[in-house]
Amino acid sequence: MLIKIHTYLKEYHLIEKLQLSDPVIIEFLAKGEYNQNFLISDRTKKFVFRLNYGSQLHLKNQIQYEYQALKWLERTKRTPRVYHVDDQKKFFDQGILIMEYLAGEPLDYRKDLSKAAKIFGEIHQQPLDEAADRLFVKEKQSILAARVAECEQLLEPVFKSNYVSKSAKNQLADGLDWCKKNVDQQQFFIDLDHWCVVNTEVNSHNFIIGQQGFLIDWEKPVISHAVQDISQFLASTTTLWRSNIVLKQTEKEQFIQEYLKVTNFDGEIFKEALHIYHPYLMLRALSWSAMAYDSYQRNTKELQNQEIFEKVKTYLQEDFLREALKEQIIE
């Protein structure tokens, strides 16, 4: 793969375009469920070479969507700049993106919450324009219904699975039934009519904290209410995902207060939005985990990550599911 990437860079004249000097070094960086990332460097300049293997938004051209989203988000100065996109799939079977490599460390929930509040705030405050309206998937009329539809799709193979326990299936079915019955609560958001671009996949390793903080991994941004990012960021399924931390109530409340200072959102309205949205976020997180667990067991995932498999397995334990499905950010 490393040799193939180097050949691609030469044949497509990207070494010159990126102003790299020989020798160009290519190293594996990281992989998730839908992407592999490699580091391109000449010891001075560094870039991320990204191969895309699927679309969580079920888009026909996932890599173009991500490229255009990052181009729009560059104005926030809180996301990586992008330099190259290739959606032709002639050299690789996957879409290709080359973007800025940002130096720093993943977010530490214990010491970087204030920085995260500012990063979120500056992104969520970015005014929507005609370009954003044309580009991004929208959830203005369906912020809760979209989660229900997503969960129904995720859970379809789970309810048929020979690997997911009957107890987990029953709890997830009950959670789905509750969310469907209460989906009319989305009228709260429709009436509020306060929308922005949200990342939808925030966790500690999607932040780069250095001299300046950044939010990376923008494969599925949408226009929605800001609470979608904040709900996920503070959820136990997220804080445990890569950090094995459950935030204290005081830490969550302090983060929300700092976020509200940056955004000037009405505190009571925002907390009400958080209360309404969070059960849908938790059901989505747990439904995805159950789907991932089943697909790993059936060996149908093109990209596999053992750490992710072990984590989703713990999320399907009866006690964890019970508590997670009734979780609220503000108790």
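**Close-up views of a predicted model**

**View 1. Ring pairs join Y109, F120, F207, F233, F255, Y259, F265 and F270 into a cluster.** Rings of Phe, Tyr and Trp (its six-membered ring) count as a pair if their centres lie within 6.5 Å. The structure holds 28 aromatic pairs. This is a predicted model, in which local features need pLDDT of at least 70 and side-chain atom pairs count only at pLDDT 80 or more, while totals for chains, interfaces and linings use all residues. Residues are numbered from 1 along each chain as its sequence is written, and side-chain values use heavy atoms, with hydrogens and water left out.

**View 2. Y8 and F91 form an edge-to-face aromatic pair.** A pair of aromatic rings is described by the distance of the centres and the angle of the planes. For Y8 and F91 these are 5.3 Å centre to centre and 65 degrees between the planes; planes under 30 degrees apart count as stacked, over 60 as edge-to-face and the rest as tilted. The pair links distant parts of the chain, 83 residues apart: Y8 belongs to helix α1 (residues 2–11), and F91 to the loop between β4 (82–86) and β5 (95–100). Helices (H or I, at least four residues) and strands (E, at least two) are DSSP runs, numbered from the N terminus. Y8 has a relative accessible area of 0% and is therefore buried; buried means under 20% relative accessible area, exposed over 50%, and partly exposed in between (1.4 Å probe, protein chains only).

**View 3. The charged end of K4 sits over the ring of F92.** The distance to the ring centre is 4.8 Å. A charge sits over a ring if NZ of Lys or CZ of Arg is within 6 Å of the ring centre and within 35 degrees of the ring normal.

**View 4. The axes of helix α7 (residues 166–181) and helix α14 (residues 318–325) come within 10 Å.** They cross at roughly 5 degrees, so α7 is roughly parallel to α14. Angles under 35 degrees count as roughly parallel, over 145 as roughly antiparallel, 65 to 115 as roughly perpendicular and the rest as oblique. Axes are lines fitted to C-alpha atoms, for helices over the stretch in contact, and angles run from 0 to 180 degrees between N-to-C directions. S167, A168, Q171 and L172 of α7 meet E318, L321, R322 and L325 of α14, where contact means heavy atoms within 4.5 Å.

**View 5. L73 lies in helix α3 (residues 62–73).** With a relative accessibility of 0%, L73 counts as buried. Leaving aside residues up to four places away in sequence, L73 touches T79, I123, V197 and W218. Its C-alpha atom is separated by 8.7 Å from that of Q126, 53 residues apart along the chain.

**View 6. A cis peptide bond joins D22 and P23.** Omega is about 0 degrees. P23 is placed in the loop between α2 (14–17) and β1 (25–31).

**View 7. R43 and N244 have positive phi values although R43 is not a glycine and N244 is a residue other than glycine.** Phi is about 75 degrees for R43, found in the loop between β2 (35–41) and β3 (46–52). R43 is exposed, at 66% relative accessible area. For N244 phi is near 55 degrees; this residue lies in the loop between α10 (236–243) and α11 (249–263). N244 is exposed, with a relative accessible area of 58%.
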